Amino acid sequence: MTDAHDLPLLAPTLASLPLDLSPDLHFLSRELILSPQAFTLHTADQEPEASWPIEGADLKLQLGDHAGVGSLKLIDAHQVRAHWRFTMSKMPAAQNMVAQFNALQRARSEAQPDTQEQAKMPAEWPEESSESLSPPSTWTLFRLWRFAKPYRAQLLLGFGLTVAATAATLVPPYLTMPLMDDVLIPYQNGVPIQATTVMKYLAGLFGAAFIAWSLGWARTYILARVSERIGADIRTATYNHLLNLSLDYFGSKRTGDLMARIGSETDRINVFLSLHLLDFATDVLMITMTVIILFSINPWLALVTLFPLPLIAWMIHLVRDRLRTGFERVDRVWSQVTNILSDTIPGIRVVKAFSQEAREGERFYQANRQNLRINDRVNRIWSLFAPSVTALTELGLLIVWAFGIWQVSQGAITVGVLTAFLAYIGRFYARMDSMSRIVSVTQKTAAGAKRIFDILDHTASVPEPLHPQPLAGRPAAISLDQVGFRHGNRGILHDIHLDIQPGSMVGLVGHSGSGKTTLVNLIARFYDVSAGQIRLDGTDIRQFSVTEYRRQIGLVLQEPFLFFGTVADNIAYGNPDASRSDIIQAARAAHAHEFILKLPQGYDSLVGERGQALSGGERQRISIARALLINPKILILDEATASVDTETEREIQQALDNLVKGRTTIAIAHRLSTLRQADMLVVLDQGRIVETGRHDELLAKHGHYFRLYQAQLKLNAEPLPLDTATEGTPHATD
Amino acid sequence: MQLTDRMLTLDPFGTLQLQTGANEAPVDVVPVRAFPLGCPRQFIALVDQQGHERFWIDDLDTLPPETAAQIEANLAQRELIPRILRIRNVSSYATPSRWSLETDHGSAELLLKTEDDIRYLPSGALLITDKFGLPFLIPQQSELDHHSQRLLARFL
Ligand SMILES: Nc1ncnc2c1ncn2[C@@H]1O[C@H](COP(=O)(O)OP(=O)(O)O)[C@@H](O)[C@H]1O
Ligand SMILES: [Mg+2]
């Protein structure tokens with residue numbers, strides 16, 4: 001803000017809205033400020049650009065949005081005074097401005113300008129989980145430490161064994177030196193071989209090999225065990241975290257992708273830890289020790305030997321970046337391939353019904369081709385890389401030979417020293433070669449780890465409160481206060497006000513798409529409201545622990561989902577400790593008992609995928625029994641009878657009547673007749689409540705409900721001929 | 001029925017009004033494209049405040065030019081799909097990532113929530129939706145400059 005002293009009458013700012021779009025929809029930053037006297041528009045340097053005085057009670061703000069662009073209009077009775085636009089990130093600020101403006105206008109009309117009522121701010125609590133923008137990198141791998149920590153003792157032991165085993169493998173080349181200089185070369189010069197000396201060296205060779213073998217076995221076993229456990233821990237942790245994410249997250253991810261992440265990525269991390277990282281550690285140790293030994297034998301020869309090393313390091317650095325991005329793409333393409341599988345296999349009936357097998361095959365083929373293409377690209381870099389390293393090591397050997405022979409000819413070193421050097425660097429460069437491979441696997445694993453941490457870092461958008469309120473002993477009165485909800489850039493519910501008495505039954509009606517399911521999803525806290533509050537007995541539901549709160553809610557959906565398992569398991573899903581007689585009682589109340597007894601193995605029959613095929617109504621009654629068994633205080637029925645015939649509906653309806661007794665019930669039904677006994681009917685239209693009242697009251701009103709009801713009566717009286725569906729709209733071209 | 005500019009008028013609030021018959025009351029309508037990406041100039045509905053379709057236009061080009069212009073002007077006021085001309089830089093190669101862009105609507109910022117928000121259109125174009133639901137379009141990847149292409153490739 002500029003210096004307040006220079007401005008004689010600085011009006012207080014009631015609300016400010018950062019506008020980021022110009023009238024012709026170009027990106028342009030300005031700020032709209034609401035003060036008691038006027039709206040003023042400021043450019044970036046705080047210069048007021050324009051202002052609109054607030055005069056007259058007929059001045060209104062109209063807020064709307066379409067496809068990611070918000071619009072705020074200042075209108076009076078005759079015209080639009082101003083029209084401002086912004087992207088949806090500014091929507092909360094805009095809503096706040098509208099609220100402040102309305103409060104201001106109300107205060108004026110009530111002619112009490114000094115007791116300015118504090119307008120309700122849009123719900124700010126709990127804050128939207130602020131997503132951090134810090135990127136994970138290869139350092140992501142270090143975050144795996146969180147999972148390795150519990151095993152640190154075993155890891156340390158494994159490392160000690162690695163050091164010892166590596167040292168043991170370095171003994172044999174060292175022994176070639178005396179064997180050459182003290183035994184073979186003197187023999188060539190006519191000195192007889194002494195059996196005891198030879199035996200001593202041979203025993204040394206054997207002993208070193210044996211120790212290296214047994215230590216190597218122990219460390220591989222221990223570390224493989226540990227890494228398998230770390231892999232399993234990562235998998236479970238990721239899955240558990242995933243289960244706790246809100247529906248939002250699942251809505252935005254594809255099943256195949258999530259399956260790939262939890263399945264193959266954790267496995268890749270596991271292999272990396274047990275195999276590649278272990279090898280790499282061994283290699284580093286081996287190289288360090290070799291370097292020390294080489295220098296202790298002959299510094300000059302050692303220097304020459306190590307000459308290609310920096311070259312190799314430089315090459316590794318060069319390809320690293322390219323490889324990493326390449327591998328990330330390989331992963332993504334791979335999950336596209338699995339996505340197609342998880343798309344089509346559950347929908348196989350549709351595929352076959354429309355004979356689209358060939359088309360799905362083609363789709364899979366295309367994804368595979370894309371997969372090949374990207375792999376080819378990575379392999380092009382990769383394939384060049386590995387032979388280059390090998391070539392460099394060959395070059396290194398050549399240099400050592402040349403320099404060594406020259407040194408021997410000069411008498412500076414013995415043949416034994418040269419032999420030892422050649423034996424050492426044979427191993428050394430072999431390790432170099434395998435070490436360079438670590439680059440690619442590390443990058444691959446880092447990419448995998450990143451995708452795992454993508455899940456782990458995702459905070460639930462339905463956050464747990466820090467200090468949850470106790471839930472016990474509440475009568476379950478639900479009240480919704482100015483509730484609004486939006487999905488991305490689409491406003492779905494607006495300004496919902498609703499009070500539900502404990503134990504009463506509320507029916508939600510409205511056209512399909514009017515927001516009924518969304519409303520009950522909010523009440524069940526599958527999502528959090530974007531504005532306003534939902535209260536249970538006066539406490540914001542966001543102050544309860546999510547799981548404890550959901551335990552109070554029984555949910556029966558249009559499409560009942562049964563898990564693979566027995567009928568009894570499915571009924572007892574919400575309460576696995578339920579006794580058999582509890583289960584039977586619930587099934588009886590749900591009118592499911594009799595048909596269950598007809599199944600070949602009764603309550604022990606398998607249902608769900610690959611299990612016993614049940615009809616829609618039968619599955620629905622099992623899911624009602626499931627809801628009954630947890631004895632919920634709040635019951636939500638979302639079109640529980642929509643997909644069944646009238647006969648089954650009557651049976652389900654009877655089951656539901658048992659379920660409803662004594663609970664706060666919110667029922668959505670397509671057939672209005674099923675809601676006649678509701679204590680209150682709420683009519684939704686385009687995300688707003690348009691009418692509330694009892695059945696007969698609403699009918700008497702001759703409003704929305706009346707029309708819905710009439711339409712259904714007519715529908716039942718005379719079946720709708722098919723072609724009337726296309727009547728109505730006039731057409732531009734005939 | 002042919003849509004003429006007499007049937008379509010602009011009220012003082014800047015809303016289009018449609019009057020289909022001489023004795024019918026005019027209704028507020030908004031034009032909505034059925035295929036905003038695949039086929040923007042054809043298949044346009046005039047929809048009233050309740051979301052009911054009031055009029056159907058097969059092809060904008062068959063309308064009288066003034067009427068078509070009126071509809072287009074209205075669409076242009078509400079629709080924003082900036083074309084990305086250049087990606088200046090990205091805050092990170094891992095999502096969420098903040099991109100700073102040059103578009104045909106001026107310089108802008110895009111917050112990419114996940115790579116899944118990048119959608120391949122059949123025409124070969126890419127549609128990138130930012131965290132707040134604003135769509136950005138890249139008509140042809142190969143038409144971007146080298147720097148932008150390299151940044152983009154990290155997310156594809
Ligand atoms: N996950 C979602 N993303 C975007 N829009 C959604 C989502 N779920 C529902 N909607 C939209 O919200 C509106 C209300 O949907 P819903 O509550 O399911 O309606 P109803 O249950 O009354 O038929 C619909 O227009 C629907 O398209
Ligand atoms: Mg629904």
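In helix 13 of chain A, the buried residues are Lys516(A), Thr518(A), Leu519(A), Val520(A), Leu522(A) and Ile523(A). Buried means that 20 or more other C-beta atoms, placed from the backbone, lie within 10 Å of the residue's own. Helices (H or I, at least four residues) and strands (E, at least two) are DSSP runs, numbered from the N terminus.

This is a predicted model, in which local features need pLDDT of at least 70 and side-chain atom pairs count only at pLDDT 80 or more, while totals for chains, interfaces and linings use all residues. Residues are numbered from 1 along each chain as its sequence is written, with chains lettered from A and ligands numbered from 1 in the order in which they are written.

**Exercise 1.** Explain why helix 13 of chain A counts as largely enclosed by the rest of the structure.

*Solution.* 
- Six of its eight residues are buried, so the rest of the structure largely encloses helix 13.
- After helix 13 comes Arg525(A), with a positive phi near 60°.

**Exercise 2.** Identify the element of chain A that gives the most to the shell around ligand 1.

*Solution.* 
- List the shell, taking residues whose C-beta atom, placed from the backbone, lies within 6 Å of the ligand. Among them are Gly251(A), His487(A), Arg490(A), Ile492(A), Lys516(A), Thr517(A) and Thr518(A).
- Strand 9 (490-500) and helix 13 (516-523) each supply at least two shell residues.
- Helix 13 gives the most, with three residues.
- By class, the shell has one nonpolar, nine polar and two charged residues. Here Ala, Val, Leu, Ile, Met, Phe, Trp, Tyr, Cys and Pro count as nonpolar, Asp, Glu, Lys and Arg as charged, and the others, Gly among them, as polar.

**Exercise 3.** Describe the side of chain B that touches chain A.

*Solution.* 
- Count contacts, meaning C-beta atoms, placed from the backbone, within 7 Å: 35 residues of chain B meet 33 residues of chain A.
- Strand 5 of chain B provides the largest share of this side, six residues.
- The side of chain B divides into 16 nonpolar, ten polar and nine charged residues.

**Exercise 4.** Find the residues that touch the most other members of the largest nonpolar core.

*Solution.* 
- A nonpolar core is a set of buried Ala, Val, Leu, Ile, Met, Phe, Trp, Tyr and Cys residues joined through C-beta atoms within 7 Å.
- The largest has 70 residues, and Ile624(A), Ala625(A) and Ile636(A) touch the most other members.
- Helix 18 (residues 616-629) of chain A gives the most to this core, six residues.
- A separate second core of 33 residues includes Met91(A), Met97(A), Phe101(A) and Leu134(B).

Technical notes
Contact = placed C-beta atoms within 7 Å. Buried ≥ 20, exposed ≤ 12 C-beta atoms within 10 Å, placed from the backbone.
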